[in-house]
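Take a look at the chain below. We will walk from its surface to its inside, one stop at a time.

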Amino acid sequence: MKIFSIGSEGSLKKSIQFLNNTITEAQEERNNRNKDETFDDDLLWTFMKKVQVNGHILPSSAIMGTILDILLAGRDSVATSASWFFWLVMNNPRVEEKIVHEIITVLKKTRGEDKGGSKVTHSIESPYGEETLEWMKDPLTYEEINSLVYLHATLLETLRLYPAVPKIVRYAICDDILPDGTYVPAGSDIILSLYSMGRMKSVWGEDCLEFKPERWLSTDEKRIERHEDGYKFVAFNGGSRICIAKYLTYLEMKSVASAILLRYELSHVPGHQVTSKLSFTIAMNNGLKVNLKRRDLNDFNVIN
């Protein structure tokens, strides 16, 4: 099929060509931009500028390969993780309240008081008042997102319980001995179940099935506590094979989570069943259907 470009191989070839053409056109458009003009940053434009600033001009093929890796490897995994995140937060109002409170606190420090108070409407279609729009019209900056420690802990807790890739499979090409002394003969398949590992009492304690972002935080909840064992949490793999887009994933998920939770309250659609579908990623079998309601920020005493 690959030789004659038929069937699934033919479809794959056409899809890859379509992606390559799209990325090439996007690169050319950005290369032709007037240096004196300002543009909204996107992933490709940011990457291209960074490469130029550092003086290492990569060939178009290298940039294309990097963008393809991010698009293909990150799309399903980020979408899946975001779905489980919102589902878990909806079922834990205490966690949701702490996340929104943290976002508001950060924005007050970086953008000042919301001069219009927190004027909102209960209609999804109706826009915010001009005063509130002034305070929240721009997305959170990179620095603001990095300040959201509790939100970051919530994402880690989500990935502990629902890792985007539920298992890792490795093949031993020669005889080997694991660090604990286990002998592995050549030809063995080694399967690491991240889903199971995240729910083991021997690893995470008696409350391993509890959704508890605080387990990732220092006592004062001002920073993320790193585990002494670097392989206790391997949602992004580990060692030299750690996911290249790990921090980009955090950035994407925190950007989406903060934008939505700051503006809306999410609730279940009655009768909708949330079940997992095991495949390469641990997706939701029927997706995640929610009702949205404009969030009233007056419910949070951090707003004056």
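Ile 6 is partly exposed, because its relative accessible area is 45%. Here buried means under 20% relative accessible area, exposed means over 50%, and partly exposed lies in between (1.4 Å probe, protein chains only). The model is predicted: local features need pLDDT of at least 70, side-chain atom pairs count only at pLDDT 80 or more, and totals for chains, interfaces and linings use all residues. Residues are numbered from 1 along each chain as its sequence is written, and side-chain values use heavy atoms, with hydrogens and water left out.

Ile 6 sits in the segment before helix H1 (7–31). Helices (H or I, at least four residues) and strands (E, at least two) are DSSP runs, numbered from the N terminus. Ile 6 also belongs to a nonpolar surface patch with Met 1, Ile 3 and Phe 4. Together these residues have about 520 Å² of accessible area. Such areas come from the Shrake-Rupley method with a 1.4 Å probe; for residues, only the protein chains shown count as cover. Patches take residues with over 30% relative accessible area and no salt bridge, joining like charges within 9 Å and nonpolar side chains (Val, Leu, Ile, Met, Phe, Trp, Tyr) within 5 Å. A salt bridge is a side-chain nitrogen of Lys or Arg within 4 Å of a carboxyl oxygen of Asp or Glu.

Ser 5 is found in the segment before H1 too. Its phi is positive, about 55°, although Ser 5 is not a glycine. Ser 5 counts as partly exposed because its relative accessible area is 31%.

Now step back to the chain. It has ten helices and eight strands. Of its 304 residues, 38% count as buried. The accessible surface comes to about 18,700 Å², and 55% of that belongs to carbon and sulfur atoms. Among contacts (heavy atoms within 4.5 Å) between residues at least 6 apart in sequence, 67% join residues at least 24 apart.

Ile 168 gives us a pair to look at. It lies in strand E1 (residues 167–171). Ile 168 counts as buried because its relative accessibility is 14%. Ile 168 and Leu 192 are 24 residues apart in sequence, yet 5.1 Å apart in space, C-alpha to C-alpha. Leaving out residues up to four places away in sequence, Ile 168 touches Ile 190, Ile 191, Leu 192, Leu 194, Val 234 and Asn 237.

Follow that list to Asn 237. This residue is in the loop between helix H9 (201–204) and helix H10 (246–263). Asn 237 has a positive phi of about 65° although it is not a glycine. It is partly exposed, because its relative accessible area is 24%.

Thr 80 lies in helix H3 (residues 60–90). It is buried, because its relative accessible area is 8%. Beyond residues up to four places away in sequence, Thr 80 touches Thr 281, Ile 282 and Ala 283. Glu 96 is in helix H4 (residues 93–111). It is buried as well, with a relative accessible area of 12%. Counted in that way, Glu 96 touches Val 89, Leu 261, Glu 265, Leu 266 and Arg 295.
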